[in-house]
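Hello,

Here is the structure I promised to pass on to you. Have a look at it first, and then read my notes below.

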Amino acid sequence: MPGPRITVIGGGAVGLASAWRIVERWPDARLTLLEKEPRVAAHQTGNNSGVMHCGLAYRPGTAKARLAVRGIRQLIAFCEEHGVRHEVCGKLVVASRPDQVPRLHELLQRGTENGLRGLENLPPERIREIEPHAAGVAALRVPEEGIVDYPAVCATLARLLQSRGGRLVLRAPVRALRQRGGEWVAQTDQGEFVSDYLVTCAGLQADRVARMAGFRTDVRIVPFRGDYYRLRPEREHLVRHLIYPVADPRFPFLGVHFTRMIAGGVEAGPNAVLSLAREGYSPTAFHPRDALEALAFPGLWRFLARHASMCWSELRRAFSKALFCRSLQTLVPEVQPQDLLPAGAGIRAQAMTPDGRLVEDFAFLAGRRAVHVLNAPSPAATACLAIGEEVAGQLAQLF
């Protein structure tokens with residue numbers, strides 16, 4: 001008897017990894033993955049900084065903490081097995097002021113509770129041994145973090161999926177979803193796809209696709225754009241690996257930081273500002289439906305009111321290289337505005353509730369022969385293989 005027919009929507013890291021874990025678990029499954037772009041990893045996965053996050057800052061016991069720790073180890077093993085470029089280079093989280101030192105201790109405690117190995121508090125002289133141009137009163141060394149080629153991870157997952165009989169359909173945006181008897185019908189630009197079970201990993205469109213499938217949720221995806229600069233080649237020696245600030249616990253983003261890229265070069269950023277286009281990567285990007293939905297959402301205005309000062313600072317920094325550089329100088333004082341070259345942007349799909357609070361943890365919806373990944377911001381790319389296991393497990397409960 002043939003296996004279950006399963007449709008997966010979304011060709012980013014989470015969608016591909018979920019599809020891969022499904023065919024690993026059910027080799028006889030007839031799986032089709034639908035991706036609306038002409039290539040996989042076209043949005044969040046292919047436009048991030050390439051960092052593998054190991055679960056340092058996430059609250060112990062959350063899905064983020066659990067899946068990030070397991071996920072980074074699975075991802076490293078996957079890259080080693082399949083020859084994907086990666087480097088476990090370690091990261092420094094640097095306290096630039098004495099009042100930030102207690103937060104370093106909190107991060108050490110969280111990381112230890114989450115199961116990370118080799119965490120180490122560093123005094124200033126040890127900071128300079130590891131990153132000679134970095135400045136700080138103290139730092140936390142996180143040896144398990146690293147960098148990776150995420151598009152190559154996705155290309156490898158796509159190849160493996162197809163080698164197991166899975167079907168990858170590109171240029172197939174889903175226009176409608178409906179249940180017909182015990183079947184799911186996905187209407188796309190490439191025709192109808194009928195299956196017994198549905199999995200959606202739609203990232204920036206996650207809330208819309210879930211609603212399209214008939215799931216009621218008051219959570220809305222609000223897109224935040226993050227702009228990057230890169231260091232001029234002659235100044236790349238200022239950064240050896242990864243240098244991060246101590247993140248403000250009142251805000252869900254990590255702050256601008258330095259990342260040595262797996263393909264070479266050093267990136268600096270990102271900031272975090274509201275985008276008026278879910279898939280718009282420039283400061284002037286505008287999509288009428290995206291903008292209207294965001295601006296009409298009460299949660300956004302409550303969020304902006306709650307974090308007014310910080311949001312204003314992020315917006316100013318987005319339009320001022322001097323202010324951007326000033327933030328970077330708290331980590332590496334020698335960096336100057338003329339050292340920074342524009343380097344594109346990424347979009348973070350962040351779920352938000354109507355009361356203006358960000359959904360901090362990964363969020364899943366399951367039922368009616370379907371599993372929806374509703375919120376999977378960073379570190380979802382790092383944790384994709386572990387998230388895929390989670391999705392496959394939830395799907396198994398629906399069989």
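T7 stands opposite T32 in strand β2. The two strands involved, β1 (residues 5–9) and β2 (residues 30–34), run parallel and are joined by 5 bridges. Strands here, like helices, are DSSP runs numbered from the N terminus: a strand is E with at least two residues, a helix is H or I with at least four. Two strands count as paired if DSSP finds at least two bridges between them. In general, strands of a sheet pair through backbone hydrogen bonds, either parallel or antiparallel.

Before going on, please note that this is a predicted model, in which local features need pLDDT of at least 70 and side-chain atom pairs count only at pLDDT 80 or more, while totals for chains, interfaces and linings use all residues. Residues are numbered from 1 along each chain as its sequence is written, and side-chain values use heavy atoms, with hydrogens and water left out.

Back to the sheet. β1 and β2 belong to an open sheet of 6 strands with mixed pairing, in the order β9-β2-β1-β13-β21-β20. β9 (167–169) and β20 (363–367) stand at its edges with a single partner strand each, so one side of each has no neighbour in the sheet. On average, neighbouring strands of this sheet are turned by 15 degrees against each other, direction ignored. Further along, β13 and β21 (residues 370–375) pair in the parallel sense over 3 bridges, and V199 has V371 in β21 as its bridge partner.

Helix α1 packs on this sheet, touching β1, β2, β13 and β21 (contact means heavy atoms within 4.5 Å). Its direction makes about 175 degrees with that of β2; axes are lines fitted to C-alpha atoms, for helices over the stretch in contact, and angles run from 0 to 180 degrees between N-to-C directions. How many of the 13 residues of α1 are buried? The count is 11, so α1 is largely enclosed by the rest of the structure. Buried means under 20% relative accessible area, exposed over 50%, and partly exposed in between (1.4 Å probe, protein chains only). Among the buried residues of α1 are W20 and R21. Strand β2 is also largely enclosed, because 4 of its 5 residues are buried.

There is a second open sheet, with 3 strands in the order β10-β11-β12 and antiparallel pairing. β10 (174–180) and β12 stand at its edges, each with a single partner strand, so one side of each is left without a neighbour in the sheet. Its twist averages 20 degrees from one strand to the next. β10 pairs with β11 (residues 183–188) over 6 bridges, where Q179 has W184 as its partner. β11 and β12 form a hairpin with 2 residues between them.

Is D196 buried or exposed? D196 is buried, with a relative accessible area of 15%. Leaving out residues up to four places away in sequence, D196 touches P4, R5, R30, G182, W184 and R369. The side chain of D196 reaches the backbone nitrogen of R5 at 2.8 Å. D196 and G3 are 193 residues apart in sequence, yet 9.9 Å apart in space, C-alpha to C-alpha.

Enjoy exploring, and write back with any questions!

Methods. Polar contact = N/O pair within 3.5 Å; in protein donor to acceptor, adjacent residues only side chain to side chain.
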